Amino acid sequence: MVDPVRRAVPTPSGWLINPEKKLVLFFIRDPKSLMRMPKVITQLWYATPDGIPTKIKNTRTMELEDANETWFELLSNGWELVEHQINDDVA
């Protein structure tokens, strides 16, 4: 008998920067949520013109569908994915 392979549902993750370069929004999967029903944590940060986060404005937890909707809506409104992901240097 073959055991089913469990895989996490893909979630939006990374940093988006607003068109004015004053805010960045961080998306990360909530590690405490279930694999089959993931939640996403977002953190909105004030940022320097270079896109470096300086001070957190708020944190929210949302359902996956809402996070996907927010992610794609922001991208369609001019927000951009930060190419050099800030959290890459931490690992």
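A residue is called buried when its relative accessible area is under 20%, exposed when over 50%, and partly exposed in between, using a 1.4 Å probe and protein chains only. By that definition Asn18 is buried, because its relative accessible area is 6%. The structure is a predicted model, in which local features need pLDDT of at least 70 and side-chain atom pairs count only at pLDDT 80 or more, while totals for chains, interfaces and linings use all residues. Residues are numbered from 1 along each chain as its sequence is written, and side-chain values use heavy atoms, with hydrogens and water left out.

**The sheet and the helix**

- Helices (H or I, at least four residues) and strands (E, at least two) are DSSP runs numbered from the N terminus, and two strands pair if DSSP finds at least two bridges between them.
- An open sheet of 5 strands runs in the order E4-E3-E2-E1-E5, with antiparallel pairing.
- Strand E4 (53-63) and strand E5 (80-81) stand at the edges with a single partner strand each, so one side of each has no neighbour in the sheet.
- E1 and E5 pair in the antiparallel sense over 2 bridges, and Ile17 has Glu80 in E5 as its bridge partner.
- Helix H1 (residues 64-76) packs on the sheet, touching E1, E2, strand E3 (39-47), E4 and E5, and its direction makes about 135 degrees with that of E4; such angles run from 0 to 180 degrees between N-to-C directions, with axes fitted to C-alpha atoms, for helices over the stretch in contact.

**Around Asn18**

- Asn18 sits in the loop between strand E1 (14-17) and strand E2 (23-29).
- Leaving aside neighbours within four places in sequence, Asn18 is in contact (heavy atoms within 4.5 Å) with Leu23 and Trp79.
- The side chains of Asn18 and Glu20 are joined by a polar contact of 2.9 Å, a term for a pair of N or O atoms within 3.5 Å where, within protein, one must be able to donate a hydrogen and the other to accept it, and where residues adjacent in sequence count only if both atoms are side-chain atoms.
- A polar atom of the Asn18 side chain also lies 3.0 Å from the backbone nitrogen of Leu23.

**Salt bridges**

- A salt bridge is a side-chain nitrogen of Lys or Arg within 4 Å of a carboxyl oxygen of Asp or Glu, and by this rule the count comes to 2.
- Glu80 forms a salt bridge with Lys21, their closest N and O atoms being 3.6 Å apart; Glu80 is in strand E5 and Lys21 in the loop between E1 and E2, 59 residues apart.
- Lys39 forms a salt bridge with Glu63, with the closest N and O atoms 2.9 Å apart; Lys39 lies in strand E3 and Glu63 in strand E4, so the pair ties together parts 24 residues apart in sequence.
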